[in-house]
Amino acid sequence: MAAWGPAAAAPLLRGIRGLPLFYHVHRMFASQTEGELKVTQILKEKFPGATAIKVTDISGGCGAMYEIQIESEDFKEKRTVQQHQMVNQALKEEIKEMHGLRIFTSVPKH
């Protein structure tokens, strides 16, 4: 039987994209990153009536890709593509520095 050592444990301690497992656990419980806060603030300013805004860095924390979920009356009677264009327009400067963006929009249900 082979001895259990650091070399044998290394693959078990690696998470997604080779980042240490504790990194992913930490991100689950950590507050928002600087980039998430910045994007959230911009969206709050551009959509002041939004009832929900959630911004998540899905690039592992480097700020290259975000997932945005936003619920606002501003989207009422607009097609999904128009809603997404509104979000893209609000973030046009920040998008220049991103590699990707996932957008989920909705209208509040009353």
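Which residues have the most contacts inside the largest nonpolar core? In this predicted model, that core comprises 14 residues, and the highest numbers of contacts within it belong to Val 39, Leu 43, Phe 47, Ile 68, Ile 70, Val 87 and Leu 91. Helix α3, strand β2 and helix α4 each contribute at least two residues to this core. In soluble globular proteins, nonpolar side chains tend to be buried together. The surroundings of Leu 43 illustrate the arrangement: leaving aside neighbours within four places in sequence, Leu 43 is in contact with Ile 53, Val 55, Ile 68, Ile 70, Val 87, Ala 90 and Leu 91.

The sheet is open and consists of three strands in the order β1-β2-β3, with mixed pairing. Strands β1 (52-57) and β3 (100-106) stand at the edges, and because each has a single partner strand, one side of each is left without a neighbour in the sheet. On average, and with direction ignored, neighbouring strands of this sheet are turned by 10° against each other. Strand β2, which spans residues 65-71, pairs with β3 in the parallel sense over seven bridges; here Met 65 stands opposite Gly 100 of β3, while Gln 69 has Phe 104 of β3 as its bridge partner.

Two helices pack on this sheet. Helix α3 (residues 34-46) touches β1 and β2, and its direction makes about 155° with that of β1, whereas helix α4 (residues 80-90) touches β2 and β3, with its direction at about 125° to that of β3.

The side chain of Thr 40 reaches the backbone oxygen of Glu 36 at a distance of 2.7 Å. When neighbours within four places in sequence are left aside, Thr 40 is in contact with Gln 32, Ile 53 and Val 55; Ile 53 and Val 55 are also among the residues in contact with Leu 43.

In α4, the buried residues are Gln 83, Val 87 and Ala 90. Viewed down the axis of α4, these buried residues fall within an arc of 60°, so they line one face of the helix. The partners against which the buried residues of α4 pack are α3, β2, α5 and β3.

Helix α5 (residues 92-95) contains Ile 95. With a relative accessibility of 27%, Ile 95 counts as partly exposed, because this class lies between the limit of under 20% for buried residues and that of over 50% for exposed ones. Leaving aside neighbours within four places in sequence, the contacts of Ile 95 are with Asn 88 and Leu 101. Although Ile 95 and Val 39 are 56 residues apart along the chain, a distance of 9.9 Å separates their C-alpha atoms.

How values were computed:
Residues are numbered from 1 along each chain as its sequence is written. This is a predicted model: local features need pLDDT of at least 70, side-chain atom pairs count only at pLDDT 80 or more; totals for chains, interfaces and linings use all residues. Side-chain values use heavy atoms; hydrogens and water are left out. Two strands pair if DSSP finds at least two bridges between them. Helices (H or I, at least four residues) and strands (E, at least two) are DSSP runs, numbered from the N terminus. Axes are lines fitted to C-alpha atoms, for helices over the stretch in contact, and angles run from 0 to 180 degrees between N-to-C directions. Contact means heavy atoms within 4.5 Å. A nonpolar core is a set of buried Ala, Val, Leu, Ile, Met, Phe, Trp, Tyr and Cys residues joined through side-chain atoms within 4.5 Å. Buried means under 20% relative accessible area, exposed over 50%, partly exposed in between (1.4 Å probe, protein chains only). The arc is that of the directions from the helix axis to the C-beta atoms. A polar contact is a pair of N or O atoms within 3.5 Å; within protein, one must be able to donate a hydrogen and the other to accept it, and residues adjacent in sequence count only if both atoms are side-chain atoms.
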